[in-house]
Amino acid sequence: MPSPPSATSPPSTDDDPAQEPTRPRTASSARNIVASLLLSALVLAGVGYVTFDAEAFRRLIQHLRPGLLVAAGIVAFARLGLGGWRLSQVSEGRLSVWSGTRGQLAWDFFSSVTPSVVGGGPVAAFYVARDEDMAVGDSAALMFFCVLLDQLWFLVAIPLLVLATVTIDLLPDVAGVIGGWSLLAYFGGLLVWAGLYAYATLVRPRLLVEVTDWCFRWRYLRRFRGTVMPELRSYFRRARHLRSRSLAFYASGFVLTALAWIARYALVFFIVRSVHAADALLLFARAAAMMLVGLVMPTPGGSGGLEGLYALFIGPLMPDALVAPTLLTWRLLGYYLFIALGAYLFLHQLQRLRTAESTTRR
């Protein structure tokens with residue numbers, strides 16, 4: 001699922017309440033879904049071809065612990081509920097928990113059909129605006145704050161993972177010394193980005209506006225200035241609003257964010273532990289590292305790339321015969337399931353909009 005909600009910037013739209021959101025194109029979304037599923041299935045098939053041994057799997061599956069597999073299903077849906085609760089909380093009551101859950105499901109769905117580095121926030125903002133009959137700028141502000149909370153979580157999680165490398169092998173031996181240093185460098189870059197994002201949002205929101213204005217005065221970028229600067233001014237207004245919120249408001253949002261991300265890591269943990277007694281701390285840490293690296297995957301929903309990362313990070317912690325089955329289970333509960341639910345939600349809203357338009361014409 002991860003889709004993960006995205007770690008990239010949220011949608012920037014005009015705050016005019018009268019602005020009508022642009023309806024996502026169904027055909028384009030369908031193509032992205034098919035491409036995502038095919039790429040994910042191809043890599044999964046490759047992993048299965050290399051690692052799966054039917055006889056060994058039959059012997060190992062006798063040790064299945066169904067309770068942990070049920071726990072995996074619970075945390076998969078708990079993450080969705082926590083995301084909905086977070087949207088409800090940051091909206092200060094404008095969204096109910098159920099409405100927020102629909103918004104989180106839309107976010108997960110569109111994250112699954114857009115590159116991980118883009119995220120599903122922009123289209124999810126349109127969905128929430130339509131679903132709750134609110135201004136796009138207001139729904140975008142909710143997504144904006146949720147992305148900020150994600151960055152704050154990374155500021156906590158990344159140092160903990162880096163410290164963990166002192167006592168555990170966060171990266172498999174196959175990656176070598178270069179891979180280990182590359183991972184640390186990536187974590188450092190992500191940490192710097194999260195820090196700059198939080199600083200520019202909470203302390204110096206005008207800084208980003210000024211730097212962007214200076215960049216778009218260059219001759220080759222000048223023609224885009226008229227489009228970019230109104231969006232940056234909208235960003236500044238939202239950032240200024242966020243600075244006025246209470247510490248308790250931030251604390252509750254951060255706790256829900258932390259729990260949602262921990263649920264993502266726990267999904268991998270429970271699936272693997274249901275069939276193999278892997279080292280608990282190492283398994284959980286590698287699941288967290290895998291999710292962080294997956295944030296930069298250029299494919300829709302990280303499809304293909306996340307399967308490869310699973311084989312790299314999690315595969316060495318279990319017998320080869322279990323890699324493909326646990327990978328399939330993880331993607332079913334954390335990716336395919338939310339594509340199916342999100343597609344239903346998306347098509348249901350399109351049908352509702354068409355019905356409303358037909359009634360208006362009459």
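How many aromatic pairs does a search of the whole structure find? The search finds 14 such pairs, where rings of Phe, Tyr and Trp (its six-membered ring) pair if their centres lie within 6.5 Å, and planes under 30 degrees apart count as stacked, over 60 as edge-to-face and the rest as tilted.

## Basis of the model

The model is predicted, so that local features need pLDDT of at least 70 and side-chain atom pairs count only at pLDDT 80 or more, whereas totals for chains, interfaces and linings use all residues. Residues are numbered from 1 along each chain as its sequence is written, and side-chain values use heavy atoms, with hydrogens and water left out.

## Overall architecture

The protein chain holds 13 helices and 0 strands, where helices (H or I, at least four residues) and strands (E, at least two) are DSSP runs numbered from the N terminus. Of its 362 residues, 52% count as buried, a term that stands for under 20% relative accessible area, with exposed meaning over 50% and partly exposed in between (1.4 Å probe, protein chains only).

Among contacts (heavy atoms within 4.5 Å) between residues at least 6 apart in sequence, 80% join residues at least 24 apart. The accessible surface of the protein chain comes to about 16800 Å², of which 67% belongs to carbon and sulfur atoms; accessible areas come from the Shrake-Rupley method with a 1.4 Å probe, and for residues only the protein chains shown count as cover.

## Aromatic pairs and cluster

One of the aromatic pairs joins F154 and W261, whose ring centres are 5.4 Å apart and whose planes stand at 65°, so the pair is edge-to-face. This pair links distant parts of the chain, since F154 belongs to helix α6 (residues 136-164) and W261 to helix α10 (residues 247-273), 107 residues apart. F154 is buried at a relative accessible area of 0%, and W261 is also buried, at 3%.

The rings of Y265 and F284 likewise form an edge-to-face pair, with centres 5.8 Å apart and planes at 85°. Y265 lies in helix α10 and F284 in helix α11 (residues 280-294), so this pair ties together parts that are 19 residues apart in sequence. Y265 is buried, with a relative accessible area of 2%, whereas F284 is partly exposed, at 28%. Ring pairs link F154, W261, Y265, F269, F270 and F284 into a cluster.

## Charges over rings

R264 lies over the face of W261, at 4.8 Å from the ring centre, and R79 lies over the face of F338, at 4.7 Å from the ring centre. A charge is taken to sit over a ring if NZ of Lys or CZ of Arg is within 6 Å of the ring centre and within 35 degrees of the ring normal.

Helix α11 has 15 residues and reaches 21 Å from its first C-alpha to its last, close to the 21 Å expected at 1.5 Å a residue, the expected span being 1.5 Å times one less than the number of residues. Because 12 of its 15 residues are buried, α11 is largely enclosed by the rest of the structure; among the buried residues are L282, R286 and M290. At the start of α11, a side-chain oxygen of D279 reaches to within 3.4 Å of the backbone nitrogen of L281.

T257, found in helix α10, is buried, with a relative accessible area of 1%. A polar atom of the T257 side chain lies 2.8 Å from the backbone oxygen of G253. Leaving aside neighbours within four places in sequence, T257 is in contact with R86, L149, D150 and W153.

How values were computed:
Polar contact = N/O pair within 3.5 Å; in protein donor to acceptor, adjacent residues only side chain to side chain.
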